[in-house]
Amino acid sequence: MLILSLAVAIYNGGPPGVLYEFGSIAVSVFYWIIAASIAELASAVPSSGGVYHWASITPGPRWGRIVGFFAGWWNYFTWIFGAASVSAIVGNCTVAMYAVYHPNFTPKAWHVFVSYLIVTWSACCIVLFANKALPAINNLGLFFILGGVFITIVVCATMPSRTGSGYASNHFVWKDWYADIGYSSDGLVFLLGMLNGAYSVGTPDCISHLSEEIPRPEINVPKGIAAQMGAGFITAILYMIAIFYAISDLDPVISGASNFPLAVIYSQATGSNAGTVGLLLVILLPLICTIIGCYITAGRTLWTLARDDATPFSRHLGSISATWRNPFNATLVCGCVCTVLGCIYVGSSTAFNAFVGSFVVFSTLSYIAAIGPHLLSRRSNVVPGPFWMKGMLGFIMNGAACCYILVFVVIYCFPYALPVTAANMNYSCLITGGLTIFIAAWWLWKGGRGYTGPRAIAIGGSEIVDLPRTDGTEKV
């Protein structure tokens with residue numbers, strides 16, 4: 001995610017802004033707090049529904065059904081837009097790789113769309129037809145990420161001295177504040193720039209959607225969340241430092257001449273077409289694995305909603321394929337939705353960005369739907385799991401997470417730059433509000449016609465545990 005937001009992030013403070021906004025001083029600290037709040041809920045209620053199930057329980061029987069309903073749909077939109085955005089990154093990356101050896105080539109939207117479709121349906125088919133291979137693919141993706149970061153750091157740290165381009169100065173990387181977005185307040189620019197960091201690290205609930213498919217999820221899911229956040233921060237901060245020191249000329253990077261600014265940075269670092277394509281390939285491979293992960297999560301989120309009769313055609317979407325032993329129909333629908341979003345990209349990249357740009361807002365809304373009621377109910381509606389923040393620590397962490405979300409979900413809807421035009425307007429509030437109205441209308445129709453909320457979960461794939469009902473009775 002960091003790759004797509006890099007060029008935009010540089011406008012919000014330059015390299016120092018990216019490092020400090022994303023680094024431990026800002027976004028990562030807050031998302032560690034959100035991750036800790038999510039991890040204890042995942043430990044207490046391990047479920048493939050994730051925040052959907054937690055938000056159905058933490059408010060108590062009176063409000064659980066409606067809060068969980070909204071949280072589940074918000075979380076689904078989070079992952080479907082996340083899948084579309086990563087597919088767009090891969091599409092732009094492959095087009096940029098072609099353009100490296102064809103300098104007179106002018107990228108068009110349909111070029112990206114063709115690559116978008118190929119990678120979307122390749123990833124979707126892997127999730128549909130290679131269910132047994134998914135654990136190995138996840139491990140392969142982790143290897144590609146760690147190996148890719150290591151290779152990129154080594155190349156960017158050594159090649160500029162050999163090619164003669166030299167390194168950026170310490171002042172450029174750590175002190176040169178660059179904010180060309182029209183806002184007069186550097187403080188506000190800094191806060192707006194935190195959106196890019198949130199886009200990069202803002203999915204700590206990812207592994208929770210596999211809770212019903214792994215052993216001892218009440219222990220292993222919190223460990224996975226901790227590993228995800230820790231490894232993600234360390235690799236990202238080292239990666240950014242390396243590539244910023246490799247920049248010899250910032251203007252081509254932010255000029256918009258390339259559809260993929262990272263290719264310009266790699267070209268400056270290596271001084272060769274082969275080196276540029278090689279580093280882009282190192283990025284491309286883990287991105288493909290990331291798309292597969294997005295489809296795993298999006299499909300299982302939709303399946304969980306359908307299993308509880310919260311979707312249209314729930315009988316079909318909530319079924320498990322006897323042949324492929326996965327939520328086949330739900331995953332297939334996710335692929336179709338992403339294809340429609342890709343068609344929007346061909347017609348208008350602004351419209352496409354409006355949808356995928358609401359990714360962070362939807363994710364944070366779904367998190368506060370689970371964490372907020374947990375705090376307001378004095379953490380009394382959830383039986384603690386193995387990982388539990390005891391005493392005042394839990395209240396402080398949950399309160400800090402809610403305060404961050406309440407403030408920044410508003411800031412993240414501010415215009416990206418001034419003066420505001422139709423092309424640079426931030427449409428996240430429009431998309432979020434519009435889809436939330438759709439969810440509300442669907443609730444009015446479905447809430448009284450069979451929807452009772454989450455029923456039960458399978459712990460470790462075998463033991464069935466009833467969840468508290470959200471319609472006022474004790475158990476299903």
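**View 1. R307 and E212 meet side chain to side chain in a salt bridge, with N and O 3.3 Å apart.** A salt bridge here is a side-chain nitrogen of Lys or Arg within 4 Å of a carboxyl oxygen of Asp or Glu. R307 sits in helix α13, while E212 sits in the loop between α9 (186-201) and α10 (217-245), so the pair ties together parts that are 95 residues apart in sequence. Helices are DSSP runs of H or I, at least four residues long, numbered from the N terminus. R307 counts as partly exposed, at 24% relative accessibility. E212 is buried, at 12% relative accessible area. Buried means under 20% relative accessible area, exposed means over 50%, and partly exposed lies in between (1.4 Å probe, protein chains only).

The model is predicted: local features need pLDDT of at least 70, side-chain atom pairs count only at pLDDT 80 or more, and totals for chains, interfaces and linings use all residues. Residues are numbered from 1 along each chain as its sequence is written, and side-chain values use heavy atoms, leaving out hydrogens and water.

**View 2. Helix α13 covers residues 273-307.** How far apart are its end C-alpha atoms? They are 50 Å apart, which agrees with the 51 Å that 35 residues should span at 1.5 Å a residue. The expected span is 1.5 Å times one less than the number of residues. Of the 35 residues of α13, 26 are buried, so the helix is largely enclosed by the rest of the structure. S272 caps the N-terminal end of α13: one of its side-chain oxygens lies 3.0 Å from the backbone nitrogen of G275. After α13 comes D309, with a positive phi near 65°.

**View 3. D309 pairs with K446 in a salt bridge.** Their closest N and O atoms are 3.2 Å apart. D309 belongs to the loop between α13 and α14 (314-317), and K446 to helix α19 (residues 428-446), so this pair ties together parts that are 137 residues apart in sequence. Both D309 and K446 are buried.

**View 4. R379 and E40 form a salt bridge.** The closest N and O atoms are 2.6 Å apart. R379 is in the loop between α17 (359-376) and α18 (392-411), and E40 is in helix α3 (residues 27-44), so the pair ties together parts that are 339 residues apart in sequence. Both residues, R379 and E40, are buried. The count of salt bridges comes to 4.

**View 5. D205 is buried yet has no salt bridge.** D205 lies in the loop between α9 and α10. Which side chain of opposite charge is nearest to D205? It is R300, 13 Å away. For charge, Lys and Arg count as positive and Asp and Glu as negative; His and the chain ends are not counted. The D205 side chain makes polar contacts with the side chains of N75, at 3.2 Å, and H209, at 3.1 Å. A polar contact is a pair of N or O atoms within 3.5 Å; within protein, one must be able to donate a hydrogen and the other to accept it, and residues adjacent in sequence count only if both atoms are side-chain atoms. Leaving aside residues up to four places away in sequence, D205 touches I38, N75, W79 and Y367. Contact means heavy atoms within 4.5 Å.

**View 6. The whole structure holds 0 disulfides.** C206 is in no disulfide, and the nearest cysteine sulfur, in C294, is 7.2 Å away. A disulfide needs two cysteine sulfur atoms within 2.5 Å. C206 counts as partly exposed, at 24% relative accessibility. The sulfur of C403 is 7.0 Å from the closest cysteine sulfur, in C402, which is too far for a bond.

Methods
Helices (H or I, at least four residues) and strands (E, at least two) are DSSP runs, numbered from the N terminus.
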